[in-house]
Structures are given as structure tokens and as C-alpha cells.
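Have the structure open as you read.

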Amino acid sequence: MTSTNGTKNHEKKNTLAKSHAHDWLNEHGDYLYRFALARLRDPHQAEDAVQDTFMAAIKANNFAEQSSARTWLTGILKHKIIDFMRKDAREIVASDLMSEQDANMDAFFDKTGHWQEQPKNWQMPDGELEQKQFFKILQSCLDKIPNKLATLFMMRDVHETDNEEICKELNITTTNAWVMLYRARMSIRKCLEINWIGH
Amino acid sequence: MLKCKQASQLSSRALDNKLSLREFFALKFHLLICEYCARFSQQLTALNIAISNAGKTIEGDTSIRLPRGTKNTIAQLLNSQQ
């Protein structure tokens with residue numbers, strides 16, 4: 001009765017998968033959430049990405065061969081994060097943020113291409129306390145720029161994905177990526193200059 | 001001669017891609033003579049590192065936890081899986 005045995009084995013495997021999945025949720029859920037939050041920045045998206053990861057994990061059903069559940073789950077999560085970023089990036093490209101002549105950007109320079117407001121001299125934080133303060137300000141600056149721009153920025157600068165790979169994944173041209181990253185950096189730098197310079 | 005606007009764009013792009021030899025020297029030369037762009041360029045590099053550290057800080061902050069409600073939802077979804 002091969003088919004009955006097969007069904008039994010299948011059921012057994014599923015029960016095992018379920019109990020494993022609950023262990024993983026307890027052991028790695030918080031870590032996976034932080035991992036997602038560091039990259040997506042949006043708590044709701046991070047929660048969704050973690051949820052998608054567990055759903056994919058229980059469906060994949062090939063956990064037994066994995067040496068480290070955390071590594072395996074993180075691998076799945078990375079793909080889920082990229083899915084969210086891809087969705088965000090499509091929206092950036094579609095929006096008028098991408099127009100070559102951007103009024104906000106022109107505000108940084110005068111007609112002759114010189115700085116409208118010359119970059120001020122500010123120091124990067126030194127020491128633990130200063131770093132904490134700086135970190136807080138940086139977070140609030142990241143919150144101020146359009147979320148989608150921040151996402152791309154995080155993908156490049158946190159995810160440590162190289163530029164060509166991002167473009168391929170997000171289906172944008174390298175020129176688009178440079179323009180977007182440039183804008184994100186200009187805005188964040190300006191925000192830091194305003195809020196950090198007092199230190 | 002590069003203008004500050006172009007120099008700032010090249011400074012940003014240099015963080016993501018290798019510049020062409022021509023762009024590289026044009027930027028180098030501009031940064032030598034323009035104190036503001038030199039400052040800007042240094043700040044961008046520092047910002048890159050700071051952003052990367054910011055991400056690592058979130059990742060390492062064990063006080064940040066998956067919200068209980070979401071955890072329960074996931075647990076229920078796992079149970080309902082065939």
C-alpha cells in the first residue's frame with residue numbers, strides 16, 4: 001500500500017514542518033523582523049515580509065536538509081524584501097520624481113551651476129553619545145525623504161547590493177538609479193546639515 | 001571645466017560606479033580647487049558609512065521585536081496550512 005504510506009509520510013512531514021515553523025517563529029521571528037526593518041524601514045512592510053517568509057518556508061517544506069534555519073529563513077526573507085523594493089521602485093519610476101528637470105534639485109544650484117547654499121563644514125559624530133544623537137537625526141532625515149527614494153537608498157547602502165544588480169532587479173536603467181541615488185543623498189545631506197550642524 | 005552641479009553628480013555616482021578616466025580626473029581637479037565640493041564629497045562618503053551603520057544598529061537592537069499581534073497572526077496562518 002505505497003500510496004497510503006506515502007500519504008502518511010506526507011502527513012507526518014507536514015506535522016513536523018508545522019512544529020518546526022512554530023519553533024522558528026519563536027526563535028527567529030524577532031531577528032527576521034529587525035533584518036527586514038533595517039532594509040525596508042516601514043514597520044508594516046517589514047511585518048508583511050516576515051509573514052510572507054514563514055508562509056513560503058512552510059510551503060517549501062525542505063527545511064530538513066538545511067543546516068541553519070536562520071540562514072535559510074534569512075535567504076527567503078531577502079527575496080521577499082526585494083519584492084517589496086521592486087514594487088516601490090516601479091512607483092518611483094512611474095512618478096514625476098524621475099523627471100530630468102526636477103525643481104527641487106535645481107534649488108541646490110544657481111543658473112551658473114554653482115552652489116546656491118555652500119555646503120557647511122560639519123563633523124561626523126565622535127564618541128558614543130554623539131553617535132546616538134547623530135543616528136536619531138539621520139533616522140528622522142531618512143523619514144523625511146520620500147519613502148520610495150529611501151528604499152532605493154537603503155537597498156544600495158544597507159543591502160550592499162551592487163548597482164547593476166539593483167537595476168536588473170528593479171528593472172530600471174543605471175542612469176535612473178544614479179539620478180535617484182543622487183537626489184536621495186542631496187536631500188539627506190541637506191537635512192543633516194540643517195539638523196546636525198548645531199553640534 | 002566642471003561646474004559644482006556636475007561635480008556633485010559625479011561625486012555621488014563615484015560611490016556607485018567607477019567613473020571614466022576623463023570624469024575621474026575632471027572631478028579630482030574640481031575637488032582640488034573647490035573647497036565646497038571637496039567638503040560635499042567627503043560628507044557623501046561619510047554619509048554612506050553612517051547609513052550602513054544605521055541599518056546595522058536596527059538589526060542588532062534586540063529591544064525591537066516582531067509585534068505580538070503579527071506573531072499571533074503568523075502562528076494562526078501556520079496552523080491553518082495543510
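A residue is called buried if 20 or more other C-beta atoms lie within 10 Å of its own, and exposed if 12 or fewer do. Keep that in mind as you look around this predicted model.

Start with A:Arg41, which sits in the loop between helix 1 and helix 2 of chain A. A:Arg41 counts as buried because it has 21 C-beta neighbours inside 10 Å. Its backbone is worth a look too: A:Arg41 is not a glycine, yet its phi is positive, at about 70°. Most residues other than glycine have a negative phi.

## Helix 2 of chain A

Just follow the chain onward. Helix 2 of chain A has 18 residues and spans 25 Å from first C-alpha to last, close to the 26 Å expected at 1.5 Å a residue. Its buried residues include A:Ala46, A:Val50, A:Phe54 and A:Ile58, with the charged A:Glu47 also among them.

## Where the chains meet

The contact draws 41 residues from chain A and 39 residues from chain B. On the chain A side, helices 1, 2, 5, 6 and 8 each supply at least two residues. Helix 1 of chain A gives the largest share of that side, twelve residues. By class, the side of chain A that touches chain B has 23 nonpolar, nine polar and nine charged residues.

## An exposed glycine in chain B

B:Gly69 counts as exposed, because it has 9 C-beta neighbours inside 10 Å. B:Gly69 and B:Met1 lie 68 residues apart in sequence, and their C-alpha atoms are 59 Å apart in space.

Key:
Residues are numbered from 1 along each chain as its sequence is written. Chains are lettered from A and ligands numbered from 1 in the order in which they are written. This is a predicted model: local features need pLDDT of at least 70, side-chain atom pairs count only at pLDDT 80 or more; totals for chains, interfaces and linings use all residues. Two residues are in contact if their C-beta atoms, placed from the backbone, lie within 7 Å. Helices (H or I, at least four residues) and strands (E, at least two) are DSSP runs, numbered from the N terminus. The expected span of a helix is 1.5 Å times one less than its number of residues.
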